[in-house]
Amino acid sequence: MSSPFPKTADKLKGVQILGAVPSEARHILNPEALALVATLHRSFEATRQELLAARKNQQRLRDEGYLPDFLPETAYIRDDATWTGPPLAPCLEDRRVEITGPTDRKMVINALNSGVATYMADFEDSLAPTWHNLVDGQVNLYDAVRRNLTANINGKPYALNLDPGRRIPTLIVRPRGWHLTEKHVLVDGKPVSGGIFDFAIYFYNNAKESLNQGFGPYFYLPKMEHHLEAKLWNDIFNHAQNYVGIPRGTIRASVLIETLPAAFQMDEIIYQLRDHIAGLNCGRWDYIFSYIKSLRNHPEFILPDRSQVNMASPFMASYVKLLVHTTHKRKVHALGGMAAQIPIKEDPERNRIALENVAKDKLREVQRGCDSCWVAHPALVPVVLKVFNEHMKGPNQIDLPPREPYKKITQRDLLSPFVKDAKITEQGIRTNIVIGILYIEAWLRHVGCVPINFLMEDAATAEVSRSQIYQWVTHGAKTDAGKTVTKQYVKQLLEEEYAKLVKNARPGNKLKRAYEYFAPEALAERYSDFLTTLIYDEVTTIGRSVPAERL
């Protein structure tokens, strides 16, 4: 009896690769994996486009004065206390410290040797999506799952620490968000979703082997703005699990609550993914970016200098309290935010103070009930582990009673821009300019995360930088010195800071091009949805079309 499902060769018709595929990556871009990409694209691309159009419509409504709020039509989901997520998955019971970073080979090895509970391998904010970076990252993760990962970089050998009895961190992969495409892969003449490509290639090649290794196909899902976007992921998960023949519910997904609209739909997002959900994460920098972006037309929501907006700010604290309450009610993890500091080797005293501040931040999170947090650098692991080991004796806090009575979080709590001693400073404007230009310059050199002022900056922090200046110029905000933030004033500061950067730059830099991208955003001449979509074409090198069946 013939199979009712199309053969791989039939699925590959109309699939084209527009980038070079090196011989060492052909096992990654195999016909079956590409057939899954094509199947998911054909099944779900129309829904993705509908959801992206709905985002634009919601932003138009916010611009007109309709502020984000809890959805009345889904109150039944929030009010029903009987449903929960699934049991915690293997190797995801204890996640007390997670490290994040891009998927280059050195990073993957160092992350898996860092002594954390999990490693989020990032195809999103900390990776510039060149074809080489994406394919190389998939090769590295394929080898990481199989514990067969070595490298020699500038004469220095790197290898996984496979000592008996040592736990290797659980691998979790972050595919790109719904707004990003992958222009190097066409299906029926259209570029595929970047997220679908990242997910499908990793999942097909590694799902069964990860189960053999004792964990599973685990993912972090970024930048969703509506619970129906979570439903789309859930439908994709079910389709993919059927495709490779593993039980539904094998996949587990942690969702970053890093947009303001999503903060009002936490229950609904968990509900849509209730067979696959692992937890919700406080994506703090993207959340601040989304707060500004969502409310940018409203002068009453102006935020002060980025350095003043932290997790102690009332609206941020409310967001964390709601996340912890919601996740634990549904029996899944509350995952804390990022510590982006990197060592200050030449100044021990500054380094000591920075690490003390990290410890205080993580103490606040664990005491609020978080089961985990993120770090960007292995040097922070001992500091953060110490805090969690002292204050979280079990593998998590899901079933523990709250440390303080829960007070219902309201719309006002999540929207209030109050920050104690809030002020906008000229130095804050200058800092945003430097971070924005330097990050874009790094991205143009195909580098997705870059250390600036002893913080690891990625796309999220660059988005905050340009969005703040846009907001201040648009509404004529005043500095603490009483100066109005006008376009002319910012242009003067832009030119001064740009001149300093050029003076100290290395040959071959891309600062001029970075300035050209950043300046119109900061001067409020335009506001792009995302820097990454604005600049994507610049890091995309389209090659000769190769039909997938010829690979």
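User: Which hand does the crossing of H10 and H11 have?

Analyst: The crossing of H10 and H11 is right-handed. A crossing is called left-handed if the near helix is turned anticlockwise from the far one by less than a right angle, and right-handed if clockwise. Before we go on, this is a predicted model, where local features need pLDDT of at least 70, side-chain atom pairs count only at pLDDT 80 or more, and totals for chains, interfaces and linings use all residues. Residues are numbered from 1 along each chain as its sequence is written, and side-chain values use heavy atoms, with hydrogens and water left out. Helices (H or I, at least four residues) and strands (E, at least two) are DSSP runs numbered from the N terminus.

User: At what angle do H10 and H11 pack?

Analyst: Two packed helices are described by the angle between their axes and the distance between the axes. Here H10 (residues 284–294) and H11 (residues 314–329) pack at about 120°, with axes 12 Å apart. That makes H10 oblique to H11; angles under 35 degrees count as roughly parallel, over 145 as roughly antiparallel, 65 to 115 as roughly perpendicular and the rest as oblique. The axes are lines fitted to C-alpha atoms, for helices over the stretch in contact, and the angles run from 0 to 180 degrees between N-to-C directions. Arg284, Tyr287, Ile288 and Tyr291 in H10 meet Phe315, Met316 and Tyr319 in H11, with contact meaning heavy atoms within 4.5 Å.

User: Now a single helix. Is H5 largely enclosed or open?

Analyst: H5 is largely enclosed by the rest of the structure, because 12 of its 15 residues are buried. Buried means under 20% relative accessible area, exposed over 50%, and partly exposed in between (1.4 Å probe, protein chains only). Among the buried residues of H5 are Trp131, Leu134, Gln138 and Val145. The buried residues of H5 pack against strands E1, E3, E6 and E7 and helices H4 and H6.

User: How far does H5 reach from its first C-alpha to its last?

Analyst: H5 (residues 131–145) reaches 21 Å, close to the 21 Å expected at 1.5 Å a residue; the expected span is 1.5 Å times one less than the number of residues. Just after H5, Arg147 takes a positive phi of about 55°.

User: On to strands. In which sense do E7 and E8 pair?

Analyst: Two strands pair if DSSP finds at least two bridges between them. E7 and E8 (residues 190–193) pair in the antiparallel sense over 4 bridges, and Val187 stands opposite Lys190 in E8. Their hairpin has 2 residues between the strands, and Asp188 in this hairpin takes a positive phi near 55°.

User: Which strands pair with E11?

Analyst: E10 (residues 252–257) pairs with E11 in the parallel sense over 5 bridges, with Ala253 opposite Ile277. E12 (residues 333–339) also pairs with E11 in the parallel sense, over 3 bridges, and Leu335 in E12 is the bridge partner of Asn281. E11 (residues 277–282) is mostly covered, with 6 of its 6 residues buried.

User: Finally, what does Thr259 touch?

Analyst: Thr259 lies in the loop between E10 and H8 and is buried, with a relative accessible area of 4%. Not counting residues up to four places away in sequence, Thr259 touches Lys223, Met224, Glu225, Tyr287 and Ser290.
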